[in-house]
Amino acid sequence: MQRIFSGIQPSGIPTLGNYLGAIRNWVALQADHECIYCVVDLHAITQWQDPKLLAGQTRELAASLIACGIDPWQHILFHQSAVPEHAELAWIFNCVARLGWLNRMTQFKDKAGKDRENASAGLYVYPNLMAADILAYHATRVPVGDDQRQHIELANDIAQKFNHDYGVPFFPAIEPLIMGPAARVMNLRDGTKKMSKSDASDQSRINLNDSADAIAQKIRRARTDPAPLPAENAGLEGRPEARNLVGIYAALANTDEVGVLAVHGGKGFSAFKEELAELIIAAVRPIADETGRLLADPGHVEGVLREGAGRAGAIARPIVSEAKRLVGFLAA
Ligand code: AQP
């Protein structure tokens with residue numbers, strides 16, 4: 001059975017983008033993979049996180065993942081900072097990755113924005129830590145949203161260079177699994193930006209704990225253009241907001257753009273938005289209710305994470321130890 005690793009940052013409430021682009025696929029992969037899923041708090045602090053909120057966000061995200069269908073007993077669910085091997089291997093990878101490789105990462109450019117000089121060094125080496133997350137478990141498959149494809153390519157470059165430099169085929173090749181029609185869900189206020197849990201505008205996203213009223217209102221106010229929906233998907237060209245809503249509808253109704261437009265093409269947005277809101281509410285509300293139920297006992301969720309960290313550490317320790325031996329470190 002192939003081993004999967006994937007992570008999600010506790011940088012806010014997970015969004016419909018996280019759900020359709022990642023979490024929903026993580027759940028499905030549990031059927032025929034050995035899955036290790038991680039709440040990546042080390043990654044989250046590459047951008048400022050209020051220390052009074054971070055532990056709570058980590059707990060809430062874990063509860064939300066379990067509510068979505070992640071099975072922490074058959075598989076592994078833990079928080080990254082509880083397994084020190086991630087940071088240890090990341091340091092080795094900081095010394096393997098080349099500056100030229102990191103300079104090409106578009107996520108750094110997007111997240112650092114115009115104020116590059118003021119971005120944290122952690123944000124810059126984020127892809128090295130991500131490579132360590134995966135390779136500390138010798139995981140071979142990584143389900144991610146389309147936006148993360150470049151980071152997986154970099155992780156493969158790091159693995160290959162390590163193997164080459166130290167003369168052993170120690171780290172395996174990694175295959176990104178970009179799944180589903182909604183590999184990239186866009187911002188509801190600007191169809192050229194992706195939906196993000198840390199975007200300043202709450203109106204730009206659907207949170208997995210939004211009420212039915214909030215969802216209906218956000219979809220009603222979602223930006224669109226004045227033209228009706230096209231009958232064919234070529235008509236979505238140059239209309240990012242329309243394409244995004246059609247994509248979300250398709251993902252939730254298990255169809256594709258063509259299937260959605262066959263039913264809704266030629267109509268205005270208002271009836272379409274009403275149906276879309278209903279689909280989203282039907283997907284999100286059960287998750288929100290179950291998350292709330294799990295969080296009623298925060299100690300339980302923390303216990304699940306700690307138990308997962310114990311099992312994750314048992315896999316990562318011998319792999320990272322061997323990497324250290326290959327590098328030439330004296331045994332501790
Ligand atoms: N809009 C999206 N559409 C599809 N997939 C998405 N993912 C994130 N946003 C979308 C996928 O969710 C997984 C976890 O992401 P993350 O939390 O580690 O980091 P992120 O990609 O930076 O997600 P956010 O929501 O935008 O977080 P912030 O606002 O903190 O930066 C990944 O597999 C990602 O592809």
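1. A word on burial before we look around: a residue counts as buried under 20% relative accessible area, exposed over 50%, and partly exposed in between, using a 1.4 Å probe and protein chains only. Leu 276 is buried, because its relative accessible area is 0%.

2. Please keep in mind that this is a predicted model, in which local features need pLDDT of at least 70 and side-chain atom pairs count only at pLDDT 80 or more, while totals for chains, interfaces and linings use all residues. Residues are numbered from 1 along each chain as its sequence is written, and side-chain values use heavy atoms, with hydrogens and water left out.

3. Back to Leu 276, which sits in helix H12; helices are DSSP runs of H or I with at least four residues, strands are E runs of at least two, and both are numbered from the N terminus. Leaving aside neighbours within four places in sequence, Leu 276 is in contact (heavy atoms within 4.5 Å) with Ile 219, Leu 245, Ile 248 and Tyr 249.

4. The protein chain is divided into domain 1 (3–183 + 297–327) and domain 2 (202–293), with bounds from an automatic or database domain assignment. Their centres, taken over C-alpha atoms, are 29 Å apart. Across the boundary, 16 residues of domain 1 are in contact with 17 residues of domain 2.

5. A nonpolar core here is a set of buried Ala, Val, Leu, Ile, Met, Phe, Trp, Tyr and Cys residues joined through side-chain atoms within 4.5 Å. The largest one has 53 residues, and Leu 16, Leu 65, Phe 272 and Ile 280 touch the most other members. Apart from it lies another core, of 49 residues, including Tyr 126 and Met 130.

6. Helix H3 (residues 51–68) and helix H12 (residues 269–295) have axes that come within 8 Å and cross at roughly 125°; the axes are lines fitted to C-alpha atoms over the stretch in contact, with angles from 0 to 180 degrees between N-to-C directions. Among the residues making the contact are Arg 59 and Glu 60 of H3 and Ile 287 and Glu 290 of H12.

7. Most residues other than glycine have a negative phi. His 138, however, has a positive phi near 50°, and Asn 254 has one of about 50°. His 138 lies between helix H7 (121–135) and strand S4 (141–143) and is partly exposed at 24%. Asn 254 lies between helix H10 (240–252) and helix H11 (257–264) and is exposed at 67%.
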